[in-house]
Amino acid sequence: MDCGIHAREWISPAFCQWFVKEALSTYGSDSQMTSLLDQMDVYVLPVFNIDGYVYTHTNNRMWRKTRSKGSGSSCIGADPNRNFDAGWCTLGASSNPCSDTFCGYSPESEIEVKNVADFIRRNKST
């Protein structure tokens with residue numbers, strides 16, 4: 001479960017925190033939660049895009065992207081949701097580095113995306 005992929009969506013990290021609290025406090029007393037957690041491994045990433053999230057609290061509330069710097073443009077960041085190597089830079093994505101939906105310079109060019117994708121690949125059997 002990843003939350004906070006888009007920096008400006010503050011409710012998402014709050015939901016992750018609520019879910020963890022709910023899972024821990026109801027496990028053993030709520031049959032549905034107990035069954036779910038007994039049958040699944042749950043990985044929680046409370047804030048996927050931490051640099052962008054911090055930036056929304058300190059500089060620009062509506063910032064969406066990561067905070068990476070690419071060569072050849074003065075524009076900052078990429079949309080991490082559109083940076084995965086799955087239909088990369090197609091429908092809904094932009095190749096313009098200044099766009100909020102910029103897909104990045106290559107698939108998984110953003111360190112946040114690369115780390116999550118590597119984690120998923122390492123753990124896909126579970």
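Contact here means heavy atoms within 4.5 Å. The model is predicted.

**Exercise 1. The fold**

Task: State how many helices and strands the protein has, and what pattern they follow along the sequence.

Solution. 
- Step 1. Count the elements. The protein has four helices and zero strands.
- Step 2. Read them in order. The pattern is α-α-α-α.
- Step 3. The C-alpha trace spans about 55 × 35 × 20 Å along its principal axes.
- Step 4. The protein has 126 residues, and 33% of them count as buried.
- Step 5. Look at the contacts between residues at least 6 apart in sequence. Of these, 50% join residues at least 24 apart.

**Exercise 2. The buried side of α3**

Task: Find which residues of α3 are buried, how they sit around the axis, and what they pack against.

Solution. 
- Step 1. List the buried residues of α3: Gly52, Tyr53 and Thr56.
- Step 2. Check their directions. They cover an arc of only 105 degrees around the axis, so they lie on the same side of α3.
- Step 3. Recall the helix geometry. An α-helix has 3.6 residues a turn, so residues three or four places apart point the same way.
- Step 4. Find the partner. The buried residues of α3 pack against α1 (11–26).

**Exercise 3. Asn49 in a loop**

Task: Work out where Asn49 is found, whether Asn49 is buried or exposed, and which backbone oxygens its side chain reaches.

Solution. 
- Step 1. Asn49 is in the loop between α2 (31–39) and α3 (50–58).
- Step 2. The relative accessible area of Asn49 is 0%, so Asn49 is buried.
- Step 3. Follow the side chain of Asn49. It reaches the backbone oxygen of Lys65 at 3.1 Å. It reaches that of Ile5 at 3.4 Å.
- Step 4. List what Asn49 touches, again leaving out residues up to four places away. Gly4, Ile5 and Ala7 are among them. Arg64, Lys65 and Thr66 are also included.

**Exercise 4. Cavity and pocket**

Task: Give the volume and lining of the largest cavity, then of the largest pocket.

Solution. 
- Step 1. Recall the method. Rolling a probe the size of a water molecule over the atoms shows where empty space is left.
- Step 2. Search the whole structure. One cavity of 30 Å³ or more is found. The largest cavity has a volume of about 40 Å³.
- Step 3. Name its lining. Ser68, Gly70, Cys75, Ile76, Gly77, Ala78, Pro97, Phe102, Tyr105 and Glu110 line the largest cavity.
- Step 4. Sort that lining by class: six nonpolar, three polar and one charged.
- Step 5. Turn to the largest pocket. Its space is about 270 Å³.
- Step 6. Name its central residues. Of the 13 lining residues, Met1, Tyr43, Val116, Phe119 and Ile120 lie nearest the centre of the largest pocket.
- Step 7. Sort the pocket lining: seven nonpolar, three polar and three charged.

Terms used: Residues are numbered from 1 along each chain as its sequence is written. This is a predicted model: local features need pLDDT of at least 70, side-chain atom pairs count only at pLDDT 80 or more; totals for chains, interfaces and linings use all residues. Side-chain values use heavy atoms; hydrogens and water are left out. On a 1 Å grid over the protein atoms alone, a cavity is a set of points where a 1.4 Å probe fits but cannot get out, and a pocket is an open set with protein on both sides within 12 Å along at least five of seven lines; lining residues have an atom within 4 Å of a point. Grid points are joined across faces, edges and corners, and a volume is the space filled by probe spheres set on the points. Ala, Val, Leu, Ile, Met, Phe, Trp, Tyr, Cys and Pro count as nonpolar, Asp, Glu, Lys and Arg as charged, and the others, Gly among them, as polar. Helices (H or I, at least four residues) and strands (E, at least two) are DSSP runs, numbered from the N terminus. Buried means under 20% relative accessible area, exposed over 50%, partly exposed in between (1.4 Å probe, protein chains only). A polar contact is a pair of N or O atoms within 3.5 Å; within protein, one must be able to donate a hydrogen and the other to accept it, and residues adjacent in sequence count only if both atoms are side-chain atoms. The arc is that of the directions from the helix axis to the C-beta atoms.
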